[in-house]
Amino acid sequence: MAAMSVPPASQPISEAAPLSEPARVLNTFFAPSKTFTDLRRSASWWLPFLISTIVSLAFIYVVDQRVGFRKVLENQLRIQPKQADQLDRLPADQREKSMQAQTKFWQVFSYASPVVGLIFTVNISSILFATFKFAVSADIRFKTMFALVVFAWLPIVFVSLLAILALMAGVSSDGFMIQSPAATSLGAFVDPTASPALFALLSSFDIFTFWCLALMAIGVTYISKVKRGTAFAVVFGWFAFWVLIKVGLAAAGS
């Protein structure tokens, strides 16, 4: 009597191996789906934040040494003519005291950029979390969203690195604008003093910013069940709203 054949036991589907922290950072650039999938396992974000902090402080130091925050302030006043006019109306000694105080503020505020960036990340994460959680009914956790935003903003470090290289190479400080330090946006092709509002608009069209926004939208689809089209609409919709505010403030100050 022939032996009955026994069907092979089904093999369990193996889950993806956990990624190390350096692997998650590298995969953010080369295989973001792996990083974002791993965020469901661990919402750790210390390494990308550390990298961003180091690069940010290096950039601020180079700006301090090569440009100087007095020059940074003077360049900012060129696109804020109303504030510049108010300063020009002051007596010379009061104007100098005001310039010194504002220069010190710019310097302290800039060196505190890691803390400012952390607050900025909390705000972005809160807005996106609330939108996806309550408007889209997404199955999502805040700590995972926060980690996603930290990882997704990693490409911005390239802007700082390019700015550092440009300043070290001897680029003129006369046209240096700290909110658009490298020629990575359309704002680099217009005179910011001619139309501050147009500069605010075009400087928002930055290749690295769009990269970060795309990473955030894609990441949401991996940490939740939100459709990609919906994720892109929410992320870029909020970005468009922020650009309108920025342009409005620039127009009001010019």
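1. How many residues does the largest nonpolar core have, and which of them have the most contacts inside it? In this predicted model, the largest nonpolar core has 31 residues, and those with the most contacts inside it are Leu128, Phe132, Met145 and Met216. Helices α7, α8, α11 and α12 (residues 228–253) each supply at least two residues of this core, and the largest share, seven residues, comes from α11. A second, separate core of 15 residues includes Ile60, Val62, Val159 and Phe208.

2. Phe132 is found in helix α7, and its relative accessible area is 0%, so Phe132 counts as buried. If neighbours within four places in sequence are left aside, Phe132 is in contact with Ser137, Ala138, Met145, Val220, Val226, Thr230, Ala231, Val234 and Val235.

3. When residues up to four places away in sequence are not counted, Met145 touches Ser125, Leu128, Phe129, Phe132, Ile140, Val220 and Ile223. Met145 is also one of the buried residues of helix α8, and that helix is mostly covered, with nine of its 11 residues buried. The buried residues of α8 are Thr144, Met145, Phe146, Ala147, Leu148, Val149, Val150, Phe151 and Ala152, and they pack against α1, α2, α3, α7 and α11.

4. Helix α1, which covers residues 21–30, shows how burial can be arranged around a helix axis. Its buried residues are Glu21, Arg24, Val25, Asn27 and Thr28. Seen down the axis of α1, these buried residues fall within an arc of 165 degrees, so they line one face of the helix. The face of α1 that is turned away from the buried side carries the exposed residues Leu26 and Phe30. What covers the buried residues of α1 includes α2 (32–38), α3 (46–66), α8 (142–152) and α11 (207–223).

5. Leaving aside neighbours within four places in sequence, Thr209 is in contact with Trp153, Ile156, Ser204 and Phe239. Ala214 also lies in α11, and, with residues up to four places away in sequence not counted, Ala214 touches Phe232 and Phe236. Ala214 and Ala231 are 17 residues apart in sequence, and their C-alpha atoms are 9.3 Å apart in space.

6. Ser137 is exposed, with a relative accessible area of 61%, and yet Ser137 is among the residues in contact with Phe132. Val190 has its place in the loop between α9 (157–168) and α10 (196–202), and Val190 is partly exposed, with a relative accessible area of 24%. Apart from neighbours within four places in sequence, Val190 is in contact with Leu198, Phe199 and Leu202. Val190 and Ser203 are 13 residues apart in sequence and 9.3 Å apart in space, C-alpha to C-alpha.

7. The last point concerns empty space. Rolling a probe the size of a water molecule over the atoms shows where such space is left. The second largest pocket has a volume of about 270 Å³, and 15 residues line this pocket, of which Gly175, Ser180, Pro181, Ala182 and Ala188 are the closest to its centre. Sorted by class, the lining of the second largest pocket has 11 nonpolar residues, four polar residues and no charged residues.

Methods: Residues numbered from 1 in each chain as written. Predicted model: local features only at pLDDT ≥ 70, side-chain atom pairs only at ≥ 80, totals over all residues. Heavy atoms only, no water. 1 Å grid on protein atoms, 1.4 Å probe; cavity = no way out; pocket = protein on both sides within 12 Å on 5 of 7 lines; lining within 4 Å. Points joined across faces, edges and corners; volume = space filled by probe spheres on them. Nonpolar A, V, L, I, M, F, W, Y, C, P; charged D, E, K, R; others polar. Buried < 20%, exposed > 50% of the residue type's maximum accessible area, 1.4 Å probe, protein only. Helix = DSSP H or I, 4+ residues; strand = E, 2+ residues; numbered from the N terminus. Arc of directions from axis to C-beta. Contact = heavy atoms within 4.5 Å. Core = buried A, V, L, I, M, F, W, Y, C linked by side-chain atoms within 4.5 Å.
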